Structures are given as structure tokens and as C-alpha cells.
Amino acid sequence: MKRPLDIVILGLSLSSSWGNGHATTYRALLRALDAAGHKVKFLERDVPWYASNRDLAAPDFCDLVFYANPDELVSRHAHRLAGADAVVIGSYVPDGVEVIDAVADLAPKRLCFYDIDTPVTLAKLERGDEEFLARRQVADFDIYFSFSGGRTLDRLRDEFAARRPVPLYCAVDLDAYRDTGAATEWDLGYLGTFSPDRQPALERLLIEPARRLPHMRFVVAGPSYPEDIDWPENVARIEHLPPGQHAEFYSRQRFTLNVTRADMVAAGWSPSVRLFEAAACRTPLISDWWEGIESFFPAGEAVIIARNSSDVVTALTRLDEAKRKALADCAYRRVAAAHSSAARAWTFVEAIESVAARAGLATRRSERRLPV
């Protein structure tokens with residue numbers, strides 16, 4: 001193995017999975033980095049909504065430190081940020097624009113951005129919305145790790161001046177996600193925080209099938225759903241499901257449903273971590289369609305693509321047990337071969353090691369001013 005890397009990551013949250021999918025993504029990646037011998041410090045903004053819902057306050061695979069504001073971040077951690085082999089700033093970090101500028105001014109050896117929301121980020125930048133990333137800052141990163149592949153990488157390079165866009169899809173920790181052998185309780189389940197742009201698809205692909213199949217059982221887990229949603233009586237609700245209970249949740253389903261955010265459907269090549277988690281637990285997948293999905297899970301072999309309520313009803317009522325098991329086995333093999341956290345950590349480290357340490361932001365900005 002090459003020399004272990006010293007990495008600092010500033011992310012939305014590692015300590016709490018409440019209302020976000022970032023925590024499970026970071027946990028899988030950081031566990032794999034630790035297992036490979038790398039040293040990681042994770043800096044998380046201390047905010048009340050995560051502080052009151054922490055399900056991993058003291059990880060054993062990295063150094064987790066909370067900070068109160070950007071000033072404290074710099075005053076307490078400037079030396080480590082400047083000396084690390086790589087500093088990685090994630091999407092949706094509070095006061096992200098200020099944080100990025102402050103960290104860049106410390107001239108880290110390698111400055112990277114990890115966008116767990118790439119299509120959403122680009123849509124926001126096109127609208128002039130710079131909530132956590134300014135358009136001018138994209139070119140300052142040595143590597144722009146993107147949750148989306150395909151044409152999104154070309155857009156990052158051509159439209160947003162990203163120096164080196166690299167696909168870094170979500171992944172799953174195969175040690176944490178596996179079939180628990182639990183008895184089946186639900187015919188179809190869904191795990192996800194409420195999102196207005198996902199709700200029409202959830203209505204079409206779970207709520208309406210539940211109405212048509214009153215003898216079957218359904219479940220939706222996740223917070224922030226409005227009180228005025230008309231849930232059928234055969235749809236159970238779980239407000240919050242900590243990651244430690246995800247494997248059991250998937251294992252109790254005959255099928256699990258994946259629903260993709262509108263910006264990610266439009267971009268394509270944006271697999272949800274829920275697909276990989278369920279596949280690792282050998283739960284058959286039903287998903288909405290987006291460009292690129294068949295490169296991860298071939299339709300009819302590893303996933304059922306549902307475009308309407310009838311497609312879901314057909315899957316739930318007509319697929320025999322042999323076909324259901326074959327779907328699950330194929331999806332599991334695909335994930336185990338290419339989408340484990342260990343595989344993703346390897347991609348992450350290889351990208352960082354392939355970029356020579358630079359003199360920092362001043363060098364990057366001077367390079368951008370050089371005549372062509």
C-alpha cells in the first residue's frame with residue numbers, strides 16, 4: 001500500500017442521519033478509508049436539529065469534531081487543514097461559500113469538493129442560488145467529486161469550469177447491510193425523507209398501488225411528511241429509522257421502492273444509496289426510471305422499472321418467488337462487485353493521489369489568469 005493519507009472532510013453531518021442521506025454515505029466511505037489505513041478527521045457544524053438526533057456521536061473509524069461557526073473552524077483547525085494531504089468540503093455545508101473561501105485561503109495541499117447532490121447543485125447555480133457553493137468557486141477545486149456521472153461530468157467541466165470532475169457514486173458498507181433473515185412483514189417499502197419533487201412518484205408507485213391492493217402491506221419510513229397526506233390504512237409509517245435498523249427494515253420487505261429526485265432524474269446517472277443498501281440486503285428492487293440506471297442494475301434482471309402504478313401492481317401480484325429471488329441475487333452481485341464502500345474508497349484515494357500537491361488557492365487562481 002502507498003503511504004496512508006491524512007484527510008480532512010467538512011460535511012453536512014456524520015453524527016446524525018436524521019432527515020439527510022449524507023451521513024450514511026460518509027459513514028460507509030470513512031469506514032472503508034479507515035480499514036485501508038488512512039487517517040480522517042471529520043469536521044461537522046454543531047446545529048441543534050442534528051445535535052438532538054445523533055445516532056453516531058462517537059465513531060471509531062475517524063476523528064469527529066464539531067465546530068460552532070466558520071471563524072471557530074479556522075481558528076481551531078487551520079494547522080490541520082493546511083497540513084493535510086487533502087481537504088474535502090461537502091455539499092450543503094452550512095455557510096458553505098464562506099467556509100470554502102476560508103479553507104482555500106489556508107492553501108491546502110489539495111482542495112476537493114464532494115457533491116452528494118450534484119444535479120441539485122447545478123440547478124441551483126443556474127438559478128443564481130449560491131446557498132452552499134458559489135459558481136466562481138467551482139474552478140478552485142483540484143477535484144470535483146460528483147454523485148452523478150454521464151453528461152453531468154461534461155457539464156461540470158465545460159459549463160462550470162471544474163478542473164477535474166470525478167464520479168464518486170454512493171456506496172454501501174457490505175458489513176453493515178446484509179440480509180438479516182427476518183420474516184417478511186411488508187410487500188413493498190420505501191425509505192426516504194419527504195421531498196415535494198419526489199412525492200408525485202411516491203403517490204404513483206406506492207400509495208396508489210396500496211389502494212389497489214388493500215390485502216397487501218406497505219410501509220414508508222422517513223421524516224417531514226405533511227400531515228395532510230392521505231395514507232391508505234394498509235400503509236404503515238415510521239417517522240425516523242436510524243441506519244442501524246436499515247438492514248432489518250429492508251429484510252422485512254418483499255420488494256423495496258426507489259424514488260429519485262426530479263433534478264437527478266433529469267441529469268441521469270445518479271443512483272440512490274437506497275438502491276445499493278437494499279440490494280446488499282438481497283431485497284428485490286422496484287425503481288422509477290432515469291438515464292443510466294441499467295448500467296448499475298439491468299432492467300428485468302436486477303431491477304423492475306416502474307413507470308406507473310400498474311407496473312408496481314403487476315410486480316407485486318405476478319412475479320413468482322423464483323423470479324423475485326433471481327432479481328435480488330443479480331442486484332446483490334452487481335453491488336458486491338462494484339459498489340461497495342471499499343471499492344468507492346479506492347476510487348477516492350486513487351483520484352487524490354493522482355493529483356500533485358499544489359501551492360494552494362493563489363496558484364490555482366493565478367493559473368486561471370494566464371493567457372491561453
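Reader: What volume does the largest cavity have?

Author: The model is predicted. The count comes to four cavities of 30 Å³ or more. For the largest cavity, the volume is about 110 Å³.

Reader: How many nonpolar, polar and charged residues are in the lining of the largest cavity?

Author: The lining holds 14 residues, and S17, L191, T193, L241 and R274 lie nearest the centre of the cavity. Divided by type, the residues of the lining are five nonpolar, eight polar and one charged.

Reader: K41 pairs with D63; is K41 buried or exposed?

Author: The side chains of K41 and D63 form a salt bridge at 3.0 Å, N to O. D63 is in strand β3 and K41 in strand β2, so the pair ties together parts 22 residues apart in sequence. D63 has 35% relative accessibility and counts as partly exposed.

Reader: In which helix is the salt-bridge partner of R282?

Author: R282 meets D329 in a salt bridge of 3.3 Å, N to O. R282 is partly exposed at 36% relative accessible area, whereas D329 is buried at 19%. The two are 47 residues apart, with R282 in the loop between α10 and β12 and D329 in helix α13.

Reader: Which residues do salt bridges that share partners join into one network?

Author: The whole structure has 26 salt bridges. Salt bridges with shared partners make one network of E208, R211, R212 and D230.

Key
Residues numbered from 1 in each chain as written. Predicted model: local features only at pLDDT ≥ 70, side-chain atom pairs only at ≥ 80, totals over all residues. Heavy atoms only, no water. 1 Å grid on protein atoms, 1.4 Å probe; cavity = no way out; pocket = protein on both sides within 12 Å on 5 of 7 lines; lining within 4 Å. Points joined across faces, edges and corners; volume = space filled by probe spheres on them. Nonpolar A, V, L, I, M, F, W, Y, C, P; charged D, E, K, R; others polar. Salt bridge = Lys/Arg side-chain N within 4 Å of Asp/Glu carboxyl O. Helix = DSSP H or I, 4+ residues; strand = E, 2+ residues; numbered from the N terminus. Buried < 20%, exposed > 50% of the residue type's maximum accessible area, 1.4 Å probe, protein only.
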